[in-house]
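Student: I would like a close look at a single part of this model. Please keep to the geometry and the residues involved.

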Amino acid sequence: MQNEKIIEVFKKIKYPGTDKDIFSMHMVDRITIEGNQINIQISIPHTDNPYKGDINLSAMTEIKKVYPDAVVNIHFKGGHEFDTNNTPTTSKIKNIIAIASGKGGVGKSTVAANLALCLKKQGAKVGLVDTDLYGPSIPIMFGLQGKRPEIKEINNVQNIVPIMAFGIPIMSIGFIIEANKAMVMRGPRLGAIIKQFFNQVLWPTLDYLIVDLPPGTGDIQLSLVQSVPVTGAIIVTTPQRVAVADAIKAANMFTTDPVNVPLIGVVENMSWFTPEELPNNKYRLFGKGGGQQLARLYQTKLLGQIPIVQNIMEGGDSGKPVSLDEESITAQYFNDLTTNVIDQVAKRNNNKAPTDMLNITVH
């Protein structure tokens with residue numbers, strides 16, 4: 001008896017009232033085979049779930065068709081959270097791009113915000129989701145502090161309407177919690193919020209959804225790749241060795257088994273300091289070459305180098321990112337970066353198969 005054949009059975013069993021199978025909804029926690037016994041653990045929202053009997057009967061019947069002599073034991077565990085909306089809005093999104101870093105403070109949110117705006121300027125349909133639940137920066141950077149999203153009910157499911165800014169639909173935990181409130185919660189709850197940001201937010205048809213991740217390689221990153229097929233990741237670093245060492249960990253998380261999300265490229269932020277009154281001067285405060293080194297290591301492209309310029313900070317703090325200022329020399333750095341991103345995403349889609357969502361490991 002083989003795990004793979006049992007998995008195929010669960011891919012055929014729909015959760016009642018939806019068009020989703022219980023395996024893709026991550027309800028199948030564990031499958032173990034001992035002799036002729038098959039032991040299965042299935043997670044459901046509550047142990048008194050009215051569909052438990054239907055799921056149990058369907059699983060027993062279908063497994064017996066494959067292995068008539070098997071002794072099948074199915075155990076149900078409560079507390080599982082999932083979205084049962086029949087038509088996830090992410091199905092209307094062509095490319096989901098993760099903006100990641102190994103450590104905080106390297107300008108990841110600045111890159112995400114300005115990339116989204118530049119994609120919009122170049123004619124793309126763009127959305128932006130802030131998944132940094134610990135320190136959401138996007139509401140401040142777009143001047144949306146204190147805004148609250150509307151709730152719209154569809155098919156008895158409450159959905160969130162993203163907030164628009166500069167023609168871009170945006171979602172952030174910062175729209176839901178008070179500005180000074182700390183997010184103190186464990187991994188499963190964090191994962192449930194991330195799934196909601198994708199499956200229960202009414203995203204329109206988009207060419208790109210930019211995902212601003214928290215730093216590191218934790219629960220939120222894992223929940224992202226379990227919730228949606230991520231087209232590719234962009235790694236943000238500064239030139240210094242300390243930042244590159246941490247960026248390598250972030251890159252490895254995306255590129256190695258079992259995640260296997262391709263890298264779109266690398267952005268080197270804070271590459272040099274340029275005083276506004278001396279635009280031709282470059283002072284490399286954090287060293288030189290870190291972005292090129294990281295790009296070479298992963299055989300990907302250095303998408304752009306962004307200098308330290310005062311108006312980048314001022315734009316982020318004022319709620320008007322620097323890319324909105326067409327006369328700014330700094331905006332051109334983000335325009336060039338965006339052109340490279342568009343090119344690299346197209347190459348990725350032409351040369352590689354679509355990314356699969358990460359399923360649980362079955363023992």
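Student: At what angle do helix H3 and helix H10 pack, and how far apart are their axes?

Tutor: The model is predicted. In it, helix H3 (residues 108-121) packs against helix H10 (residues 329-351) at an angle of about 75 degrees, and the axes are 9 Å apart. Angles of 65 to 115 degrees count as roughly perpendicular, so H3 is roughly perpendicular to H10. On the H3 side, the contact is made by Thr-110, Val-111, Asn-114, Leu-115, Cys-118, Leu-119 and Lys-121. On the H10 side, these meet Phe-334, Asn-335, Leu-337, Thr-338, Val-341 and Ile-342. By type, the residues of this contact comprise eight nonpolar, four polar and one charged.

Trp-272 is buried, at 5% relative accessible area, whereas Tyr-333 is partly exposed, at 28%. The ring of Trp-272 has a further neighbour: the charged end of Lys-282 sits over this ring, 4.0 Å from its centre.

Strand E12 also holds Phe-273, which pairs with Tyr-283 in the loop between E12 and helix H8 (290-297), ten residues apart. Here the ring centres are 6.3 Å apart and the planes are at 35 degrees, so the pair is tilted. Phe-273 is partly exposed at 30% relative accessibility, and Tyr-283 is partly exposed at 39%.

Notes: Residues numbered from 1 in each chain as written. Predicted model: local features only at pLDDT ≥ 70, side-chain atom pairs only at ≥ 80, totals over all residues. Heavy atoms only, no water. Axes fitted to C-alpha atoms, helices over the stretch in contact; angles between N-to-C directions. Helix = DSSP H or I, 4+ residues; strand = E, 2+ residues; numbered from the N terminus. Parallel < 35°, antiparallel > 145°, perpendicular 65-115°, else oblique. Contact = heavy atoms within 4.5 Å. Nonpolar A, V, L, I, M, F, W, Y, C, P; charged D, E, K, R; others polar. Buried < 20%, exposed > 50% of the residue type's maximum accessible area, 1.4 Å probe, protein only. Phe/Tyr/Trp six-rings, centres within 6.5 Å; stacked < 30°, edge-to-face > 60°. Lys NZ or Arg CZ within 6 Å of the ring centre and 35° of its normal.
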